[in-house]
Amino acid sequence: MMNEIEDLAEIFKALSDPTRLMLVKLLSECSPNECGGALCVKSLAQKVGVTQSAVSQHLRVLRQVKLIRGERNGSFVHYSLDHDKIEQFKSRLRETMGKSFEIFE
């Protein structure tokens with residue numbers, strides 16, 4: 001049980017930064033039809049308005065908690081949400097906070 005709580009806390013820490021939260025939002029809005037379901041660092045940096053280096057550092061944090069994944073495409077890495085991990089996060093959050101805490105429905 002404590003490991004699950006610690007995992008949730010790590011995810012919340014990763015999402016507590018406004019830039020990282022914006023990156024997750026941008027990736028969640030990236031549909032397979034519009035952008036192939038993934039964006040590269042350059043595109044994310046332009047959309048967020050920060051340097052590519054800053055975006056890379058933020059993506060590293062999000063990758064560490066496994067909310068996103070990177071897939072190499074030539075010399076670029078395209079990032080997308082890890083939908084399975086997000087579903088696990090939502091499930092753990094519901095279990096931890098109780099059924100009355102149904103913010104994801």
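Biologist: Leaving aside neighbours within four places in sequence, which residues is Ser80 in contact with?
Modeller: Ser80 is in contact with Leu27, Gly37, Ala38, Leu67, Ile68 and Arg69, where contact means heavy atoms within 4.5 Å. This is a predicted model, so local features need pLDDT of at least 70 and side-chain atom pairs count only at pLDDT 80 or more, while totals for chains, interfaces and linings use all residues. Residues are numbered from 1 along each chain as its sequence is written, and side-chain values use heavy atoms, with hydrogens and water left out.

Biologist: Is Ser80 buried or exposed?
Modeller: Buried, with a relative accessible area of 17%; buried means under 20%, exposed over 50%, partly exposed in between, with a 1.4 Å probe and protein chains only.

Biologist: Which strand does Ser80 lie in?
Modeller: Ser80 lies in E3; strands are DSSP runs of E, at least two residues, and helices are runs of H or I, at least four, numbered from the N terminus.

Biologist: And what order do the strands take in the sheet?
Modeller: The order is E1-E3-E2 in an open sheet of 3 strands, with antiparallel pairing; two strands pair if DSSP finds at least two bridges between them. E1 and E2 are the edge strands, each pairing on one side only.

Biologist: Switching to H2, which of its residues are buried?
Modeller: Thr19, Arg20, Leu23, Val24, Leu26 and Leu27. Seen down the axis of H2, they fall within an arc of 160 degrees, so they line one face of the helix; the arc is that of the directions from the helix axis to the C-beta atoms.

Biologist: What covers them?
Modeller: The cover includes H1, E1, H4, H5, E2 and E3.
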